[in-house]
Amino acid sequence: MSIYMERAEKLRACTERHYNCAQSVLVPFADVLGTDGEILYRVGANFGSGMRVGSVCGAVTGALMVLGLAGVNDSAALQTLYGEVREKHDGLMNCSDLLRVNKEKGGDRKVHCDDMVYELLAVTEEILRERGIIA
């Protein structure tokens, strides 16, 4: 397990402070991005729960923020990210749709959101590795 995944798991288990899905993907990469985790926590504050309106999944927006801050903004990287999500989730990327389908399947919301964080963190990590940004 990578250090970034370990960090994300700790954030998702934290009970003293809530880390939404976007923050949970973004904050683990603070050192890679050369910034403070607190700043990233604040940046990601309004991106959880699909920008708080059920729009694009917070884990996806967190991943996009990491990539952008790392200087990765090309179509190939973004298509890799989007493709992974769409392939695993029947083409869906909006929080409200993902949660609806999860509920229809009898899934637990927290488990679903944790899994989305871990999934997007892994894809982000893979893209950063391929670009030589992390080892």
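The exercises below concern the pockets and the helix packing of a predicted model.

Residues are numbered from 1 along each chain as its sequence is written. In this predicted model, local features need pLDDT of at least 70, side-chain atom pairs count only at pLDDT 80 or more, and totals for chains, interfaces and linings use all residues, while side-chain values use heavy atoms, with hydrogens and water left out.

**Exercise 1. Describe the largest pocket and its lining.**

Step 1. A pocket is an open set of points on a 1 Å grid over the protein atoms alone, where a 1.4 Å probe fits, with protein on both sides within 12 Å along at least five of seven lines; lining residues have an atom within 4 Å of a point. The volume is about 230 Å³, a volume being the space filled by probe spheres set on the points, which are joined across faces, edges and corners.

Step 2. The lining holds 19 residues, and Arg12, Cys21, Ser49, Arg109 and Cys113 lie nearest the centre of the pocket.

Step 3. Helices are DSSP runs (H or I, at least four residues), numbered from the N terminus. H5 (48–54), H8 (95–104) and H9 (109–130) each supply at least two lining residues, and the largest share, 5 residues, comes from H9.

Step 4. By class, the lining has 8 nonpolar, 7 polar and 4 charged residues. Here Ala, Val, Leu, Ile, Met, Phe, Trp, Tyr, Cys and Pro count as nonpolar, Asp, Glu, Lys and Arg as charged, and the others, Gly among them, as polar.

**Exercise 2. State which helix gives the most to the lining of the second largest pocket.**

Step 1. The second largest pocket has a volume of about 160 Å³.

Step 2. Among the residues that line this pocket are Lys88, His89, Leu98, Val101, Asn102 and His112.

Step 3. The lining as a whole has 3 nonpolar, 3 polar and 3 charged residues.

**Exercise 3. Determine how H1 is oriented against H9.**

Step 1. Two packed helices are described by the angle between their axes and the distance between the axes. Axes are lines fitted to C-alpha atoms, for helices over the stretch in contact, and angles run from 0 to 180 degrees between N-to-C directions.

Step 2. H1 (residues 3–13) and H9 pack at about 155°, with axes 10 Å apart. H1 is therefore roughly antiparallel to H9, a term for angles over 145 degrees.

Step 3. The contact (heavy atoms within 4.5 Å) involves Tyr4, Met5, Ala8, Glu9 and Arg12 of H1, and residues of H9 including Lys110, Cys113, Asp114 and Val117. By class, this contact of H1 with H9 has 8 nonpolar, no polar and 5 charged residues.

**Exercise 4. Determine the orientation of H6 and H9, and describe their contact.**

Step 1. The axes of H6 (residues 58–69) and H9 are 9 Å apart, at an angle of about 20°. H6 and H9 are therefore roughly parallel to each other, as angles under 35 degrees are called.

Step 2. Ala59, Val60, Ala63, Val66 and Leu67 of H6 meet Met116, Val117, Leu120, Thr124, Ile127 and Leu128 of H9. The residues of this contact of H6 with H9 divide into 10 nonpolar, 1 polar and no charged.

Terms used. Angles under 35 degrees count as roughly parallel, over 145 as roughly antiparallel, 65 to 115 as roughly perpendicular and the rest as oblique.
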